[in-house]
Amino acid sequence: MRYRLTFIAGVALGYVLGTRAGRKRYEQLKQSVQRLAENPAVRNAAESAAQGGRDFAGKAYHSVSEKVGDKVPASVSGRVRSLRERSGHNGHGGDDWGTTDT
């Protein structure tokens, strides 16, 4: 019985110490990620990548819709339209791609 009690006490102590050490490391990683996310160069790169992706998606949709015609599902055109509205840009010269005539 004494050995079980010693074993359980050791497990409990190891758990508490390990949890504290793990929490400290977690907080360090969290702070590092926050500093990285707040870095202006990283933010600019992320925004450039997002804008490039939106532009590419718009061009791809436009070229596909020219080839496919009116067979593009409404769900696809709705998603592209929502991406376009979320980006805050009206496309290339106010075109009406991504709209449906229903």
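**Labels and their cut-offs**

Tutor: Glu27 and Arg23 both lie in helix 1 (residues 2–38), four residues apart, about one turn of the helix. The model is predicted: local features need pLDDT of at least 70, side-chain atom pairs count only at pLDDT 80 or more, and totals for chains, interfaces and linings use all residues. Residues are numbered from 1 along each chain as its sequence is written, and side-chain values use heavy atoms, with hydrogens and water left out.

Student: What makes the contact of Glu27 and Arg23 a salt bridge?

Tutor: A salt bridge needs a side-chain nitrogen of Lys or Arg within 4 Å of a carboxyl oxygen of Asp or Glu. The N to O distance between the side chains of Arg23 and Glu27 is 3.1 Å, so the pair meets the definition. Arg54 and Glu47 also form a salt bridge, at 3.1 Å from N to O. The whole structure has two salt bridges.

Student: Why is Glu27 called partly exposed?

Tutor: Buried means under 20% relative accessible area, exposed means over 50%, and partly exposed is in between (1.4 Å probe, protein chains only). Glu27 has a relative accessible area of 26%, so it counts as partly exposed. Arg54 is at 26% and takes the label partly exposed, and Glu47, at 45%, is partly exposed as well.

Student: Which residues of helix 2 are buried?

Tutor: Gln51, Gly58, Tyr61 and Ser65 are buried there. Over the chain of 102 residues, buried ones make up 11%.

Student: How many helices and strands does the chain have?

Tutor: Helices (H or I, at least four residues) and strands (E, at least two) are DSSP runs, numbered from the N terminus. The chain has three helices and zero strands.

Student: What makes Phe7, Ile8 and Val11 a patch?

Tutor: Patches are made of residues with over 30% relative accessible area and no salt bridge; like charges are joined within 9 Å, nonpolar side chains (Val, Leu, Ile, Met, Phe, Trp, Tyr) within 5 Å. Val11, found in helix 1, is at 45% relative accessibility and counts as partly exposed. Phe7, Ile8 and Val11 form a nonpolar patch on the surface, with about 330 Å² of accessible area together.

Note on methods. Areas by Shrake-Rupley, 256 points an atom, 1.4 Å probe, with all protein chains shown as cover.
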